[in-house]
Amino acid sequence: MSQSQAAFQWQIIWRKVAVFQKGVESKVKTLDTIQKLSHIGKILCKVIFICSIVGFCFCIVGMLSMAVGAKDLKLGSVTLKSLIQSEKLSAGTVYVSAVMGMILCAGRAVLAKFGEHYCKNELAQGTPFYMEGAKELMRLGILTICIPLGTQVITELIYEIGAQVIQGAAPFKVDAGVNVTLGIMLLFMSLLCRLGAEYRGKNL
């Protein structure tokens, strides 16, 4: 083999090495981006969980305040009863609203906890492409669809029952359409993660 042919062969080899290196670097950058998104998702889920628990507790405090005595509780010089009456609300409306708020907050808290659990496991694995993670993401997608729809049905049922008893109840509507869309996206992502896990398993 002449020197020119040898040099040409080495050029081909180095080009292949360079292409491989770029591919590896691209995969590493993509994985780093996914990990950053998982970390952000974990923080958001924790914040949503805490806010949902706080909202749930406020609803309980509101119900207890009404039960203890709206006449005696004061906000400065204004009693709770006069504040409710000024807004043209009845005690029944406050109770029904508090119960519906508790249900909605409980559903959000449960969903946020499942989301945080997935993000923690994904960060511990260092990749979303593993079989258990794909199954967990699929479960999260199903829950993202089912829990909001379930809380919507329950709260609307409570509202309809309350509206029969309480005169002049304000209109109430909960739309779970965004959650359904998000759930479908998570289900699609879980299929991609499953395919990635299978491909990764074959190449290990």
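Which residues lie nearest the centre of the largest pocket? In this predicted model, the largest pocket is lined by 26 residues, and those nearest its centre are G41, C45, C119, L140 and L186. A pocket is defined on a 1 Å grid over the protein atoms alone as an open set of points, where a 1.4 Å probe fits, with protein on both sides within 12 Å along at least five of seven lines, and its lining residues have an atom within 4 Å of a point. The volume of the largest pocket is about 730 Å³, a volume being the space filled by probe spheres set on the grid points, which are joined across faces, edges and corners.

The lining of the largest pocket draws two or more residues from each of the helices α1 (3-69), α3 (91-125), α4 (131-165) and α5 (177-203), and α1 gives the largest share, eight residues. By residue class, the lining divides into 19 nonpolar, five polar and two charged residues, where Ala, Val, Leu, Ile, Met, Phe, Trp, Tyr, Cys and Pro count as nonpolar, Asp, Glu, Lys and Arg as charged, and the others, Gly among them, as polar.

Residues are numbered from 1 along each chain as its sequence is written. Because the model is predicted, local features need pLDDT of at least 70 and side-chain atom pairs count only at pLDDT 80 or more, whereas totals for chains, interfaces and linings use all residues, and side-chain values use heavy atoms, with hydrogens and water left out.

The chain has five helices and two strands, which run α-β-β-α-α-α-α from the N terminus on; helices (H or I, at least four residues) and strands (E, at least two) are DSSP runs, numbered from the N terminus. Of its 204 residues, 29% count as buried, that is, under 20% relative accessible area, with exposed meaning over 50% and partly exposed in between (1.4 Å probe, protein chains only). Among contacts (heavy atoms within 4.5 Å) with a separation of 6 or more, 77% are accounted for by residues 24 or more positions apart.

Leaving aside neighbours within four places in sequence, Q152 is in contact with V174, D175 and A176.

Side chains of opposite charge can pair when their charged atoms come close. With a salt bridge taken as a side-chain nitrogen of Lys or Arg within 4 Å of a carboxyl oxygen of Asp or Glu, the count comes to four. K46 forms a salt bridge with E116, the closest N and O atoms being 3.8 Å apart, and this pair links distant parts of the chain, with K46 in helix α1 and E116 in helix α3, 70 residues apart. K46 is partly exposed at 38% relative accessibility, whereas E116 is buried at 4%. E116 also pairs with K120, with the closest N and O atoms 3.6 Å apart; these two residues are separated by about one helical turn, because they stand four residues apart in helix α3. K46, K113, E116 and K120 are linked in a network of salt bridges.
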